[in-house]
Amino acid sequence: MAAVSQRGSLLAHAGTTLKANREVVMAAVAQSADALQHADHTLQADRAVVMLAIQHRHKGYVLQWADPILKADRALVLAAVKNDAGAFEHVHEALRMDREVVMAAINQSGFTLSKVAPLFKADREIVLATVRQCGNWLTFADQRLKADRDVLLAAYHAGGRHALLCYGDPTAANAVLDEIEGGKPRAIVDTPSSDAPPLRRT
């Protein structure tokens, strides 16, 4: 156990008995969240073991190795997405339709808007929370909200005129820019081509 306490990845080379030993696996997961993938399936279904793994920063993806029952555990899933929005990809389908879970993931990383159901892309509060982080993520919003003044203002303050001209409704975006910049000249920007700067993601 001393070995996995220092280097959790060594659990991959442990015998079947050790991989099913709760104390050994807890020690390995405490050192490295990725060790969860090497644990016996009975321990991948152990709530305390999985909770320990998802508490590692930016390790939400380890939820993929948890037992399906735990992927549907609302409290555990909320803890996972609040720590790392990457966990959202691995939660049970029912919880992907849970607004609180979606908002928690969005608050951790607005890029999550690209992965949510259309229902949430049209949710004004969720979209506002997204574009306040990165104006370019306006691209993932429902078309109706791309013309929403408050959404466009938030996107402008986070991403500048580029966010509005590239991803907002053209008429609404120009109206907001006139309001903010007082008719300041601006270039016409078409829909971004394949060589346009990539969207920033976290």
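## Ground rules

A residue is called buried when its relative accessible area is under 20%, exposed when that area is over 50%, and partly exposed in between (1.4 Å probe, protein chains only). By that definition D73, with a relative accessible area of 18%, is buried.

Please keep in mind that this is a predicted model, in which local features need pLDDT of at least 70 and side-chain atom pairs count only at pLDDT 80 or more, while totals for chains, interfaces and linings use all residues. Residues are numbered from 1 along each chain as its sequence is written, and side-chain values use heavy atoms, with hydrogens and water left out.

## The overall picture

The protein has twelve helices and zero strands. Both kinds of element are DSSP runs numbered from the N terminus (helices are H or I, at least four residues; strands are E, at least two). Of its 202 residues, 45% count as buried.

The accessible surface comes to about 10100 Å², and 52% of that belongs to carbon and sulfur atoms. Such areas come from the Shrake-Rupley method with a 1.4 Å probe, and for residues only the protein chains shown count as cover. A contact here means heavy atoms within 4.5 Å. Among contacts with a separation of 6 or more, 45% join residues 24 or more positions apart.

## Helix α3 and its neighbours

Let's start with α3, which covers residues 22–31 and in which V24, V25, A27, A28 and V29 are buried. These buried residues pack against α1 (2–6), α2 (16–19), α4 (41–44) and α5 (47–54). At the start of α3, a side-chain oxygen of N21 reaches to within 3.0 Å of the backbone nitrogen of E23. That is a polar contact (a pair of N or O atoms within 3.5 Å; within protein, one must be able to donate a hydrogen and the other to accept it, and residues adjacent in sequence count only if both atoms are side-chain atoms).

How do α3 and α5 pack, at what angle and with their axes how far apart? The angle is about 15°, and the axes are 9 Å apart. That makes α3 roughly parallel to α5. On the α3 side the contact is made by R22, V25, M26, V29 and A30, and on the α5 side by A48, V49, L52 and A53. Axes are lines fitted to C-alpha atoms, for helices over the stretch in contact, and angles run from 0 to 180 degrees between N-to-C directions. Angles under 35 degrees count as roughly parallel, over 145 as roughly antiparallel, 65 to 115 as roughly perpendicular and the rest as oblique.

R47, V50, M51 and I54 in α5 meet A75, L76, A79, A80 and N83 in α7. In this pair α5 passes α7 in a left-handed crossing, a term for the near helix being turned anticlockwise from the far one by less than a right angle, with clockwise giving right-handed.

D73 sits in the loop between α6 (68–71) and α7 (74–83). A polar atom of its side chain lies 3.2 Å from the backbone nitrogen of A75. Leaving aside residues up to four places away in sequence, D73 touches R47 and L95.

## Helix α8

In α8 (residues 99–108), the buried residues include V101, V102, M103, A104, A105 and I106. The buried residues of α8 pack against α7, α9 (118–121) and α10. At the start of α8, a side-chain oxygen of D98 comes to within 2.9 Å of the backbone nitrogen of E100.

The contact is made by R124, V127, L128 and V131 of α10 together with D150, V151, A154, A155 and A158 of α11.

Is N136, at 14% relative accessibility, buried or exposed? N136 counts as buried, and it lies in the loop between α10 (124–131) and α11 (149–167). The side chain of N136 makes a polar contact with the side chain of H162 (3.4 Å). W137 is found in the loop between α10 and α11 and is buried, with a relative accessible area of 1%. The C-alpha atoms of W137 and T112 are separated by 9.5 Å, although these residues are 25 apart along the chain.
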